[in-house]
Amino acid sequence: MKNLILASTSTVHGGSYLEYLKPQLDLHFKAVERLIFIPYARPGGISHELYTSNAQKFFNSLDIEVVGLHSFKDPIKALEHAEGVFAGGGNTFLLVKQLYENKIIAPLRDRLYQDMPYLGTSAGTNIAGVSMQNTNDMPIVYPPSFKTLGAVPFNINAHYLDPDPNSKHMGETRETRIKEFHHFNNVPVIGLREGSWIEVKQRTYILRGPHSARIFEATKLPYELPTDSEITVS
């Protein structure tokens, strides 16, 4: 049993933190009074305490208490008893390194298969995939493995950007980078645009939000998946 919301971003242009997801999160965490927040990705290098405080400001509107996982002496035990978990965005390399160092990859994966509601944004969404190999982040630290939670049978490229036909930039596009990945790997990749998310219920994966997603499979041409469609990849 899985019960996940995997969002491309925490904040859309012109909006405030998590505001665009508020109706969904109100339902998703309706039985949760105390939410465990994983602040390890530390966007911009902010402290765990400040990042947790930022999350609490939003969840005040849902009457949910937020407690940072970093504040527990035994993070494994904290996850085992968690009512719900939110892993925030930032640097995926740093997040994955911390998950391994705190020995919580397996305990967190176990809870995701026990119907515990989970929210991931950006890096917190990347770690739900088979591996973190389709992150856009710089390798500022060196995790022991690229393998992540495997809660979904594909990888996610959060913040997916389409090529700008008017741009003079000659660097590689996201699509080019993902095609390079598929020269050496067979894991499907979901290009998840800003403002969209993947709703996971047991083994069903539904694209939600205002945009289609770009789907990449190693043996196929990339294609568009309309919103509110089931993701079926092999």
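Which residues are linked in a network of salt bridges? They are D162, E175, K179, R193, R214 and E224, where a salt bridge is a side-chain nitrogen of Lys or Arg within 4 Å of a carboxyl oxygen of Asp or Glu. By this rule, the count comes to 12 salt bridges.

The model is predicted, so local features need pLDDT of at least 70 and side-chain atom pairs count only at pLDDT 80 or more, while totals for chains, interfaces and linings use all residues. Residues are numbered from 1 along each chain as its sequence is written, and side-chain values use heavy atoms, with hydrogens and water left out.

**Stop 1: the open sheet**

Select strands β6, β7, β10 and β11, which form an open sheet of mixed pairing in that order. Helices (H or I, at least four residues) and strands (E, at least two) are DSSP runs, numbered from the N terminus; two strands pair if DSSP finds at least two bridges between them. The edge strands, each pairing on one side only, are β6 (155-158) and β11. Neighbouring strands of the sheet are turned by 30° against each other on average, direction ignored. Axes here are lines fitted to C-alpha atoms, for helices over the stretch in contact, and angles run from 0 to 180 degrees between N-to-C directions.

Within the sheet, three bridges join β7 (residues 189-192) to β10 (residues 213-216) in the antiparallel sense. Centre on G191 to find its bridge partner in β10, R214. Next, display helix α7 (residues 174-181), which packs on the sheet and touches β6, β7 and β10; contact means heavy atoms within 4.5 Å. The direction of α7 makes about 160° with that of β6.

**Stop 2: strands β1, β8 and β9**

Move to β1 (residues 3-7) and β8 (residues 197-201), an antiparallel pair with five bridges. L4 stands opposite V200 in β8. Strand β8 also runs antiparallel to β9, again through five bridges, and K201 stands opposite T204 in β9. The strands β8 and β9 form a hairpin with two residues between them. In its turn, Q202 has a positive phi of about 55°.

**Stop 3: the nonpolar cores**

Select L6, I38, V85 and I198, the residues with the most contacts inside the largest nonpolar core, which has 41 residues. A nonpolar core is a set of buried Ala, Val, Leu, Ile, Met, Phe, Trp, Tyr and Cys residues joined through side-chain atoms within 4.5 Å. Buried means under 20% relative accessible area, exposed over 50%, and partly exposed in between (1.4 Å probe, protein chains only). Helix α4 (residues 92-101) gives the most to this core, with four residues. Around L6, not counting residues up to four places away in sequence, the contacts include Y118, V152, I156, W197 and I198. Apart from this core lies another, of 20 residues, among them I5, L18, V32 and F37.

**Stop 4: further salt bridges**

Which residue meets E199 in a salt bridge? The partner is R208, at 3.2 Å from N to O. Both are partly exposed, with relative accessible areas of 23% for E199 and 24% for R208. R208 also forms a salt bridge with D228, the closest N and O atoms being 3.0 Å apart. Because R208 lies in strand β9 (residues 204-208) and D228 in the segment after β11 (223-225), this pair ties together parts that are 20 residues apart in sequence.

Finally, select E217 and K220, whose closest N and O atoms are 3.4 Å apart in a salt bridge. E217 is buried, at 5% relative accessible area, whereas K220 is partly exposed, at 46%.
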